[in-house]
Amino acid sequence: MIDIRSMSLDELTKYILSIGEPKYRAGQVFSWLHRGISDFEEMSNIPKGLREKLSMECELNTATVVRRQISKSDGTRKYLLKFSDGNCVEAVFMKYNHGNTVCISTQVGCRMGCVFCASTKNGLVRNLLPSEMLAELFEIIKDTGETVSNIVLMGTGEPLDNYDNVIKFLHLVNDERGLNIGMRHISLSTCGLCDKIEKLSSENLPITLSVSLHAPTDEARSAIMPVNKAYGVRRLIGECKAYFAKTSRRISFEYTMISGHTDTMQRAEELSELLRGFPCHVNLIPLNKISEESLLPSSNEQILKFKAHLEKNGIAVTVRRSLGADIDAACGQLRQNYIS
Ligand code: SF4
């Protein structure tokens, strides 16, 4: 079956011409697909014969809601979504002052092995297709009845480990005949695959790159993020500087505050030394407790002390507001609870 919703308009046009239909039908079909239809019969201005042909040859790759948790405090909605092969991923809908934001997954599972993350416990199952990433958005838009203006690729999976599908998704979601979400409203989070960061810098996409740093030295970072054994902190920061030099897009560094591990004043000094003079942004993230690990979240007092030390060294820093604290909001927890 043809994965029609993953096609660019050019690819779709070639397909439509190949089945003997006029070129203008491609634009019509493309807009229906990117309105989030779940059945070809919904394409009301497309002749019945073509609708039947499409449903025989193509698949729509929809997602359905398996579980939904709604935060009582702030309305954050966490979803477990299921694809046609039975695999599930998580996605989260959040309301911010700057607009509704959806955090989507890019893979089923993850092979990066970060110790603080529930998504990687069973390794990587498979990559998601561009159409499946779109399906996460369409299902959430349908379920909430709201519009979405921002996307973060920060759910299950390492986006740059599914590079080609993610780049295709970014172009599709940005298409003005579709969801038309501006590249500047999209953030991509990576654990730091240096060769892929270099490749991404050549794509000319004004997205925000968010790098999960979490520790400032090789010893500390390798202990919690196995990817660090392949690249190392100095190489990663060097790659980030090259990315900024090429794209002029400021990088955001994610830094999880783990009590006694990443939140000490020694770490604050090491982090300051690493980033001093580099125009970037550090986002301190209070650890979400995952039940099977012994890691503990930092106290508020320690987070503020850490933040003040970075600021003293001229580094822009914020503490992430924790939305949906009363639901299983940490990366991978809902799916993990479902499959175990
Ligand atoms: S934090 Fe991200 S890269 Fe690391 S294991 Fe979890 S999903 Fe994978």
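How many helices and strands are there in the chain?

**Figure 1. The whole chain of this predicted model.** Welcome to the overview: the chain holds 12 helices and 14 strands, taken as DSSP runs (H or I, at least four residues, for helices; E, at least two, for strands) numbered from the N terminus. Its radius of gyration, taken over C-alpha atoms, is 21 Å, close to the 20 Å of the globule rule for 340 residues, so the chain is as compact as a globular protein of that length. That rule is 2.2 Å times the number of residues to the power 0.38. The C-alpha trace spans about 70 × 40 × 35 Å along its principal axes. Residues are numbered from 1 along each chain as its sequence is written. Local features need pLDDT of at least 70 and side-chain atom pairs pLDDT 80 or more, while totals for chains, interfaces and linings use all residues.

**Figure 2. The shell around the ligand.** Here 13 residues surround the ligand (C-beta atom, placed from the backbone, within 6 Å). The closest are Cys110, Met112, Cys114, Cys117 and Thr120.

**Figure 3. Glu136 in helix α4.** Let's zoom in on Glu136, which lies in the helix of residues 130–144. Glu136 is buried, with 24 other C-beta atoms within 10 Å; the cut-off for buried is 20 or more, with C-beta atoms placed from the backbone.

**Figure 4. Partners of Glu136.** Beyond its neighbours within four places in sequence, Glu136 is in contact (C-beta atoms, placed from the backbone, within 7 Å) with residues including Ala63, Leu81 and Ile104. Thr64 sits 72 residues from Glu136 in sequence, yet 8.5 Å away in space, C-alpha to C-alpha.

Notes. Buried ≥ 20, exposed ≤ 12 C-beta atoms within 10 Å, placed from the backbone. Contact = placed C-beta atoms within 7 Å.
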